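Subject: Structure for your review

Dear colleague,

Please find below the structure that I am handing over to you. My notes on it follow, and I would ask you to read them with the model open.

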Amino acid sequence: MAKVRMKRIEIIALQEDRKNIVERLQRREILEFEEVGGNELAKMSTSSNIAQFDKYIETVNQAIEILSPHSQRKKSLLSLFDGRREIEKQDFIKFLDQSNSYIKLCYDIIDARRVITENKAQIAKLEASIENLSKWQNLDIPLGYKGTKETRCFVGVFPTQLSEEDLSKRMEEAGVECAFAHILEASKYFTSAVVFAHKETADKTKEILRAMSFAPVSDEFLGVPSDIRSKLEGEITALQNVIFEKESFIKDAAAKLDQIEILADYLIMRKEKYLALSKIGQTKNSFVISGYIPEIYAQKIIKELEEHYTVAITLQDADEEENVPVALKNKSVVSAVEPIVEMYSLPSKSDPDPSPVVAFFYYLFFGMMLSDAGYGLVMSIISAIILRRKNIEQPIRKTFTMFFYCGLSTLFWGALFGSWFGDIIPIIYKEIMGKPAPSIALWYEPMSDPMRLLTLSFALGIAHLFAGVALKIKVTWESGDKLGAILDNVPTYFLVTGAAILGGQILTPIPPILIKIASYLAIIGLILVILTAGRNKKGIFGKIGGGLYGVYGIASGYLSDILSYSRLLALGLATGSIASVINLMGSMIGTGALKIIFLVPIFILGHTLNMAINILGAYVHTNRLQFVEFFSKFYEGGGRPFRPLKLNTKYIKFKDNF
């Protein structure tokens, strides 16, 4: 079907039906809302509602992030490709009655994680305090002890290793009598000590200790160290109990993850609805919706709305100057490459949908670049297994449909070239069975004559470029410039075809009659380009100069474009060459059964890596040939994607949409 034809639609209905109509259109996902103009129509202010929904959405998403690691859902490799789960509309309506309780649950889940985080941070601090307290584990007096009526007590740490004799000697040298020092713990980096002095010498003792970089114990600890440690350990135990309680709450709440995901989608739907409501024009008793709808759905939705509501609906073609949204619709084999087209740019109003032509050449070139029948078979089988799953989303379905057909093309080219996991079949015949290896190529082996494959690559490239020129003729013709469509493009066919055949003599023998025909084609094309390329220039010299410049543009442009298709040869040979090296490595070790034992793991690992790397290479370079060489011949792009009001959900989908 190519590009979907769009219609402009205007719906006028009663205010009492506004909610139901908008929600019905949202479920159908077929109408893109436009801003309704006119000073006589009021607009609904929805910014506060949207802000509130954004807040709820953020809260619910945080709760889902917290619960997901605790989910008990069974997962497999194939489940990674599963899409949203389907639910019945009535089940969704029942859920809405409990939505507020689930919002509260989300807040409780977030609060539980906050408490866990805070408690773990507090435990880390308490454990650090216990570590600091370990210096005083042998002290049986309070850390904050100041002394008696006649004595003063100093409790602290020296930054170096000291003994009681060292401290006593320093006191005696300073003339301090009646001082007593007791070492609690000494190491290379610190010494914890208790120093007692008579009150009359307390000040002098304090000065001596300060000179020795003595650091008094922090006021953080008060009391006997063993008592403080017991208290801190009790606090840690209490915090750990709270953590266990909150973690148990989160694990139990994970059983409700499905419902919370439904809540997340519900909030997104509500937000999208309010965004649409902000575009609606309103009066006291009615409202107006304006927008775009695919023509194929228009009559169906009109009939549905007229059956259920009092409405007045106008359907008309969009004006030429309107920026009409673009949507593509093709059959499966073509729609699979629509994401490739969209990756570059959607077609503009004047562009045709290039997907059918892109699909044909995309599969052709991809298979030719990968060109191993074994790899193609694996690709198609894996893609088919994934496509058989019922619940995969449309983007994933398109991707693996594309890889399925790319795999079939690869199987075709690989069989032509006799490449089945490289040359593993000849290796088995020769190294294991001890027999001469038969030729399994349906056409020929490229390594024996790469120039033949290079010639084919250039020929297919010219066909690809000419397909782009044909589309350019179509676009120009439909725009009304029929003369330009012929004069600007048909001479190119003559000139490039003739020059390509003449140049092809370098690569392969060409019959003389064909060379003669090519000479005439090149001359005719050259004359036509000189006469037509500068036809819009002023003066005879301007026209001739424009014509010569046109010849230069065609020659330089097409030469570089055609040479780009040599990558078909390069990547095809690279895949086969690397595969053959892998097989050779696997077959070099041992004999008989031992050879098989070594060959199998090397075969599996090597070909898996080779297939992955060359699939990526084929994908990238096939895209490049479409984007750079093909699209440059005719494609303008820049189309605006069709964005209908829809159930923009992440986790669920409804069964009753059309």
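**The surroundings of Phe 466**

Leaving aside its neighbours within four places in sequence, Phe 466 is in contact with Tyr 493, Val 496, Thr 497 and Tyr 558. Please bear in mind that this is a predicted model. Phe 466 belongs to helix H16, which covers residues 450-478. Is this residue buried or exposed? Its relative accessible area is 15%, and buried means under 20%, so Phe 466 counts as buried. Between Phe 466 and Lys 349 there are 117 residues in sequence and 22 Å in space, C-alpha to C-alpha.

**The chain as a whole**

The chain contains 22 helices and 14 strands. Its radius of gyration is 40 Å, whereas the globule rule gives 26 Å for 658 residues; the chain is therefore more spread out than a compact globule. Along the principal axes, the C-alpha atoms fill a box of roughly 125 × 85 × 65 Å.

Of the 658 residues, 43% count as buried. The accessible surface comes to about 34,900 Å², and carbon and sulfur atoms account for 59% of this area. Among the contacts with a separation of 6 or more, 82% are between residues 24 or more positions apart. As for charge, there are 75 positive and 72 negative side chains, and the centres of these two sets lie 6 Å apart.

**An open sheet of four strands**

In which order do the four strands of the open sheet stand? The order is E7-E8-E6-E9, and the pairing is antiparallel. Strand E7 (179-186) and strand E9 (215-216) stand at the edges; each has a single partner strand, so one side of each is left without a neighbour in the sheet.

Strand E8 (residues 191-198) is joined to strand E6 (residues 151-158) by eight bridges. In this antiparallel pair, Val 157 stands opposite Ser 192 in E8. Seven bridges join E7 to E8, and these two strands also run antiparallel. Here Ile 183 stands opposite Ala 193 in E8.

**Two loop residues with positive phi**

Ser 371 has a phi near 45°, a positive value in a residue other than glycine. It lies in the loop between helix H12 (355-370) and helix H13 (373-387). With a relative accessibility of 5%, Ser 371 counts as buried.

Phe 421 is also a residue other than glycine with a positive phi, in this case near 50°. Its loop lies between helix H14 (394-417) and helix H15 (424-432). How accessible is Phe 421? Its relative accessible area is 22%, so Phe 421 is partly exposed.

Ser 335 is found in helix H10, which covers residues 332-335. At 10% relative accessibility, Ser 335 counts as buried. Not counting residues up to four places away in sequence, Ser 335 touches Asn 330 and Lys 398.

With kind regards,

A colleague

How values were computed:
Residues are numbered from 1 along each chain as its sequence is written. This is a predicted model: local features need pLDDT of at least 70, side-chain atom pairs count only at pLDDT 80 or more; totals for chains, interfaces and linings use all residues. Side-chain values use heavy atoms; hydrogens and water are left out. The radius of gyration is taken over C-alpha atoms; the globule rule is 2.2 Å times the number of residues to the power 0.38. Buried means under 20% relative accessible area, exposed over 50%, partly exposed in between (1.4 Å probe, protein chains only). Contact means heavy atoms within 4.5 Å. Accessible areas come from the Shrake-Rupley method with a 1.4 Å probe; for residues, only the protein chains shown count as cover. Lys and Arg count as positive and Asp and Glu as negative; His and the chain ends are not counted. The place of a charge is taken as NZ of Lys, CZ of Arg, CG of Asp or CD of Glu. Two strands pair if DSSP finds at least two bridges between them.
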